Amino acid sequence: MQHTECATCGRKLKDKKSIERGYGPVCYEKHLQAIEEEFERNQMTIYDVIEGESHV
């Protein structure tokens, strides 16, 4: 799919790579950072799992 405007800020996309991914370079970096931060927030350690187990 070819995009002509950035999905985040709406600016016109100029280079081929930006057009293919749908984000300008600055917005794309911010998008990746947000995904990474969300991933980190959703991670559990083994200790989280052990503490969450019910001991019957």
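The lining of the largest pocket splits into six nonpolar, two polar and four charged residues, where Ala, Val, Leu, Ile, Met, Phe, Trp, Tyr, Cys and Pro count as nonpolar, Asp, Glu, Lys and Arg as charged, and the others, Gly among them, as polar. This is a predicted model, so local features need pLDDT of at least 70 and side-chain atom pairs pLDDT 80 or more, while totals for chains, interfaces and linings use all residues. Numbering runs from 1 along each chain as its sequence is written, and side-chain values use heavy atoms, with hydrogens and water left out.

Back to that pocket. It holds about 240 Å³ of space. Here a pocket is an open set of points on a 1 Å grid where a 1.4 Å probe fits, with protein on both sides within 12 Å along at least five of seven lines; lining residues have an atom within 4 Å of a point. Among the lining residues are Cys6, Cys9, Lys12, Asp15 and Cys27. Helix 2 (residues 25-41) supplies the largest share of the lining, three residues; helices are DSSP runs (H or I, at least four residues) numbered from the N terminus.

Lys12 sits in the segment before helix 1 (16-21). With a relative accessible area of 68%, Lys12 is exposed, meaning over 50% (1.4 Å probe, protein chains only). Its C-alpha atom is 9.5 Å from that of Tyr23, eleven residues apart along the chain. Thr4 also lies in the segment before helix 1, and Thr4 is exposed at 58% relative accessibility.

Now look at helix 3 (residues 46-52), where you'll find Ile46. Ile46 counts as exposed because its relative accessibility is 54%.

Technical notes: Helix = DSSP H or I, 4+ residues; strand = E, 2+ residues; numbered from the N terminus. Buried < 20%, exposed > 50% of the residue type's maximum accessible area, 1.4 Å probe, protein only. Points joined across faces, edges and corners; volume = space filled by probe spheres on them.
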